[in-house]
Amino acid sequence: MTDYEPRILALCCHYCAYTAADLAGSMRLQYPPNVRVLRLPCTGKLDAAYLMRAFERGVDGIIVAGCLEGGCHFQEGNLRAKNRTALVRQVLAEAGLEPERLEMFNLSSAEGQTFANIVRTMTERVKALGPNPLRLSTCNFELSTEPEVRS
Amino acid sequence: MIVAHRKNIQDLKSILAAHKRILVLGCGGCVTVCLAGGEREVGMLSSALRIAFRLDASEHEVLEATIERQCENQFIEDILDQVQQADAVLSLACGAGVQSIAERYPEVPVYPGLDTKFIGILQEQGVWAEKCATCGKCVLGTYGAVCPVTRCSKSLLSGPCGGARDGKCEVSPELDCGWQLIYDRLKALGQLDRLLDPSPLTDWSLSHEGGCRKLVREDQKIKSL
């Protein structure tokens with residue numbers, strides 16, 4: 001697919017990655033526009049279901065970005081997120097979807113450049129993997145921000 | 001609590017392939033506590049099954065529900081509508097829960113989503129250990145509250161075998177010798193004399209060896225006038 005541009009969700013901790021993303025903007029750093037940033041109060045707020053549902057609804061890749069290990073504002077939120085991310089990767093692999101579409105990164109709020117690098121790394125990786133096979137033609141990223149309706 | 005573990009997703013997919021509308025049914029009891037079959041796990045597994053089916057371009061609908069306990073009819077009644085809408089139920093309960101659902105809804109195929117492992121405890125975060133084999137006649141009082149039926153790999157009630165080395169079982173060096181634990185515990189309590197009485201022959205008919213068990217309590221039955 002030549003015109004394929006991946007849609008990547010970045011679930012960012014308020015205390016580090018979200019600020020780092022802000023800094024990347026202030027520093028005028030270039031990074032691929034494929035990423036949609038969603039702020040979490042801490043990656044400890046991450047529920048494994050967020051990740052599963054996002055993939056179900058056609059997201060091509062997910063970045064979970066939390067504080068450096070040992071540097072969590074809430075002591076161990078990022079360590080919990082690490083476990084949950086690992087669990088979801090395992091479940092995705094069992095279900096048949098590439099676990100490489102999901103990865104957790106650790107960075108501090110001063111690392112604007114690191115944030116830009118992470119987005120570039122994931123965009124290139126997910127481009128190489130191709131689109132999420134679950135992506136429906138009727139379900140684009142903008143539409144999927146609306147509440148999900150289940151029967 | 002009863003400790004269970006989720007089955008492999010591809011195996012579940014094969015079992016469920018013939019059914020179009022599948023109800024993944026969680027249980028709020030033991031399997032919620034051991035993080036195998038509660039509301040969260042229902043959500044995760046349902047998502048995983050939807051992904052697995054859609055990757056095969058097969059059209060399956062995966063519904064979700066969780067009830068307080070699958071081993072009680074009172075709670076099972078609550079999901080009558082959802083079960084009636086489904087072609088099959090994937091129960092994330094222990095073996096008792098799965099059978100309760102199947103007995104209550106005989107017209108719907110019910111499949112287990114978990115492997116029921118044992119009755120045990122949360123030893124530490126992420127580690128569960130077996131503690132009780134439901135043998136039917138508890139002997140913990142004699143053995144310093146260390147169960148020889150479960151903790152000894154050979155379920156010996158009359159003393160250790162000759163296979164233990166350095167307090168570890170010959171079955172696995174990871175496994176403590178149950179009899180070493182019993183001895184150490186009774187010694188610490190000053191109750192080693194409890195071991196001097198020869199233990200009577202065990203009546204295994206009270207355990208599962210006696211067939212499927214049933215407990216009847218007349219005082220708890222509701223008597224009609």
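Analyst: Start with one term: two strands count as paired if DSSP finds at least two bridges between them. Keep in mind that this is a predicted model.

Now the sheet. Chain B has an open sheet of 4 strands. Read across it and the order is E3-E2-E4-E5, with parallel pairing. In general, strands of a sheet pair through backbone hydrogen bonds, either parallel or antiparallel.

Which strands stand at the edges? They are E3 (61-67) and E5 (110-112) of chain B. Each has a single partner strand, so one side of each is left without a neighbour in the sheet. The sheet is also twisted: from one strand to the next, the twist averages 25 degrees.

Zoom in on one pair. Strand E2 of chain B covers residues 21-27. E2(B) and E3(B) run in the parallel sense, joined over 7 bridges. Within this pair, B:Leu25 of chain B stands opposite B:Ala65, a residue of E3(B).

Next, the helices. Helix H6 of chain B, residues 95-104, packs on the sheet. H6(B) touches E2, E4 and E5 of chain B. The direction of H6(B) makes about 175 degrees with that of E5(B). Helix H1 of chain B, residues 9-16, lies across E2, E4 (88-92) and E5 of chain B. H1(B) runs at about 155 degrees to E4(B).

Chain B also has a backbone detail to look at, in a loop. B:Ser155 is not a glycine, yet its phi is positive, about 55 degrees. Find B:Ser155 in the loop between helix H7 (148-151) and helix H8 (178-189) of chain B.

Helix H3 (39-55) of chain B is among the elements that the buried residues of H2(A) pack against. The others are strand E1 (8-13), strand E3 (61-66), helix H3 (77-95) and strand E4 (102-106), all of chain A. H2(A) itself spans residues 48-56, and its buried residues include A:Leu51, A:Met52 and A:Phe55. Just after H2(A), A:Gly58 takes a positive phi of about 105 degrees.

Conventions. Residues numbered from 1 in each chain as written. Chains lettered and ligands numbered in written order. Predicted model: local features only at pLDDT ≥ 70, side-chain atom pairs only at ≥ 80, totals over all residues. Helix = DSSP H or I, 4+ residues; strand = E, 2+ residues; numbered from the N terminus. Axes fitted to C-alpha atoms, helices over the stretch in contact; angles between N-to-C directions. Contact = placed C-beta atoms within 7 Å. Buried ≥ 20, exposed ≤ 12 C-beta atoms within 10 Å, placed from the backbone.
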